[in-house]
Amino acid sequence: MKAKADLWMELALAEARKGVGATAPNPPVGAVVVKRGQVIGTGYHRRAGGPHAEVYALRDAGEEAEHATLAVTLEPCSTSGRTPACTDAILKAGIRKVMVGCVDPNPAHAGRGLEILRNAGVEVIEGVCEKESQHLIRAFRHVQLTGRPYLTLKMACTLDGRIADAAGRSKWITGPESREKVQQLRRECDAVLVGTETVRKDDPSLLPRPQRGRKPLRIIPDRQGRIPLTRKVFSDGNPTLCLIGPEISDRRRASLLGKGVELLEAPISRGRMQWTSALEGLANRGVQHILCEGGGQLASALLHAQLVQELHWVLAPKFLGQDGRPSVGKGWTLEKAPGFTLLSSEQKGDDLWITAVPRSPGS
């Protein structure tokens, strides 16, 4: 039987998941207020600049929050920025006990909010459903510790690793169940990245269907300005950021800006985009979690640069043969091939969906 603390934190986690994909550059956070074994207030962080989860939950509880317990998935903030410090709101409400899923990963803030609460006489319990709470903020934590967005690579391919036939046709390699999960991934990330050739040939919108309130930023590398401006990512009025090189013409810059496209110049070395620097620039812009949907050359560049944090590999029970387009471009020697640790595998219709993370050094 689960402890009551775990049950309350699971409710807070469920609240937090409502905000996944909408809070960048902040993390998704959920909170519940409990009194005499009953939930009297719930809340989650909806968007950056808006109230935090604790504030929503305390407002929901009202005066009943006095002497109650607050369960929150992430350590309450202790500094004032775009919103007041949550520690102040907790103390003002008269909360008696605070249960926390995980500590703030920002080294400048880690533990500070908990110390303030303890010094004020509030009982603080740490690490309740910590694994789940850490997973929830994995993208935020990665940005805090590395200065780069968390990057999830999703590739859909045949059993022989092909993402399109010899003519470049890829609709549809996988079945409807897999495609539905892709839409879910798009809603959970705040940006979607694809390669230049994917935009040129497939003209994708990259928006989730249905959107359910989510409009992830489309990130398009167009170093030389070769993508037609009639493509959906430039013409449908939704947010798009174009990664450009220094050689792009002033006329092209003006055309993109005129269509409302945001521009970010990325360093180029030996004719190739420097993805580490590009991602750092995106993090400075507020991008927290990127879903990369290929194609093969882009996947290869990101894997070679060791910039992939999470892998979703979808295998369709088909073969296209050697003339098909490979899922990954430039390769490795066997000794240097990147390794991954399998987290899960599940059947989606006829397809096999594999989730993995990079192997830790020495494993």
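Predicted model: local features only at pLDDT ≥ 70, side-chain atom pairs only at ≥ 80, totals over all residues.
View 1. Residues are numbered from 1 along each chain as its sequence is written, and side-chain values use heavy atoms, leaving out hydrogens and water.

**View 2. Helix 4 (residues 112–119) has buried residues Gly113, Leu114 and Leu117.** They cover an arc of only 100° around the axis, so they lie on the same side of helix 4. The arc is that of the directions from the helix axis to the C-beta atoms. Buried means under 20% relative accessible area (1.4 Å probe, protein chains only). Helices (H or I, at least four residues) and strands (E, at least two) are DSSP runs, numbered from the N terminus. The buried residues pack against helix 3 (86–93), strand 4 (97–102) and strand 5 (123–125).

**View 3. Strand 6 (residues 150–158) is largely enclosed by the rest of the structure, because 8 of its 9 residues are buried.** Strand 6 pairs in the parallel sense with strand 14 (residues 289–292) over 4 bridges. Pairing requires at least two DSSP bridges between two strands. Tyr150 has His289 of strand 14 as its bridge partner. Strand 15 (residues 310–316) also pairs with strand 6 in the parallel sense, over 7 bridges. There, Trp313 is the bridge partner of Met155.

**View 4. Leu153 touches residues including Cys292, Ala299 and Leu303.** Val308, Glu310, Leu311 and His312 are also touched by Leu153, not counting residues up to four places away in sequence. Contact means heavy atoms within 4.5 Å.

How values were computed. Buried < 20%, exposed > 50% of the residue type's maximum accessible area, 1.4 Å probe, protein only.
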